[in-house]
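Hi there,

Here is the structure I promised to pass along. Have a look through it first, and then read on for what turned up.

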Amino acid sequence: MQQAVPYGNGRAWPSDAPEFGESSKGVGEIKRAVEENPVVVVGRRGCCMVHVVRKLLLGQGVNPVVCEVGEDADEAALMAGLQEAGAGDSDLPQAKASGAGLPAVFVGGRLVGGLDRLMAVHIAGELVPILKQAGALWL
């Protein structure tokens, strides 16, 4: 008989995604990832919403870069740092108004928003054109 994986062992599932802490070095590395890659997802390590965002994007044919931050990271400071660098220059007014937290989805260096905003853009049929414009899709 197979045994179940213990739930409360204090560790997240194994991941090959880099983990960034609270330091400015981590914010700088995330900024560089946002600038260099067409689609980046920033979220907490082991967060189920990051998994949902990744699955949605994989379903569209996009392989996003996932940057995981540790539990000690200050979410407000991280998002403020990313938006200062121009990574938050969004054409989507809802992304600015929502004060997006983690997970945050960046497409083409611009903040789309969190999971709720990504789902809204997808349902409205605007996600594929945004991904094509960012160079994440070649269809």
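**Confidence**

The chain has a mean pLDDT of 77, with 69% of its residues at 70 or more. Of its elements, helix H5 (residues 115–123) has the highest mean pLDDT, at 95, while helix H4 (residues 93–97) has the lowest, at 45. Over residues 92–98 the pLDDT is below 50, and this stretch makes 12 contacts in the model beyond near neighbours in sequence. Residues 9–15 also stay under 50, and the model gives them six contacts beyond four places in sequence. Where pLDDT is low, the predicted coordinates should not be read in detail.

**Overall layout**

There are six helices and five strands, and from the N terminus they follow the order β-α-β-α-β-α-α-β-β-α-α. The chain has 139 residues, 38% of them buried. Among contacts with a separation of 6 or more, 64% are between residues 24 or more positions apart. The exposed surface comes to about 8200 Å², and carbon and sulfur atoms supply 52% of it.

**The cores**

The largest nonpolar core has 18 residues, and those with the most contacts inside it are Val39, Val53, Leu57, Val62, Leu118 and Leu131. Two or more residues each come from strand E2 (39–44), helix H2 (48–59), strand E4 (104–107), H5 and helix H6 (127–134). H2 gives the largest share, four residues. Setting aside residues up to four places away in sequence, Val53 touches Val41, Pro103, Val105, Leu115 and Leu118. There is also a second, separate core of 16 residues, which includes Val40, Val42, Cys67 and Val69.

Is Leu131 buried or exposed? Its relative accessible area is 0%, so Leu131 counts as buried. Leaving out neighbours within four places in sequence, Leu131 is in contact with Val39, Gln60, Val62, Val107, Ala136 and Leu137.

**A buried glutamate**

Glu68 sits in strand E3 (residues 65–69). With a relative accessible area of 8%, Glu68 is buried. Which residue does the side chain of Glu68 meet in a polar contact? The partner is Arg45, whose side chain is joined to that of Glu68 by a polar contact of 2.9 Å.

**The cysteines**

How many disulfides does the structure hold? The number is zero. Cys47 and Cys48 are worth a look here. The closest cysteine sulfur to that of Cys47 belongs to Cys48, and at 5.1 Å this is too far for a bond, because a disulfide needs the two sulfur atoms within 2.5 Å. Cys48 is likewise in no disulfide, with the sulfur of Cys47 as its nearest cysteine sulfur. As for accessibility, Cys47 has a value of 21% and therefore counts as partly exposed. Cys48, at 57%, is exposed.

Happy to go through any of this with you.

Best wishes

Methods
Residues are numbered from 1 along each chain as its sequence is written. This is a predicted model: local features need pLDDT of at least 70, side-chain atom pairs count only at pLDDT 80 or more; totals for chains, interfaces and linings use all residues. Side-chain values use heavy atoms; hydrogens and water are left out. pLDDT is the predictor's confidence in each residue, from 0 to 100. Contact means heavy atoms within 4.5 Å. A nonpolar core is a set of buried Ala, Val, Leu, Ile, Met, Phe, Trp, Tyr and Cys residues joined through side-chain atoms within 4.5 Å. Buried means under 20% relative accessible area, exposed over 50%, partly exposed in between (1.4 Å probe, protein chains only). A polar contact is a pair of N or O atoms within 3.5 Å; within protein, one must be able to donate a hydrogen and the other to accept it, and residues adjacent in sequence count only if both atoms are side-chain atoms. Accessible areas come from the Shrake-Rupley method with a 1.4 Å probe; for residues, only the protein chains shown count as cover.
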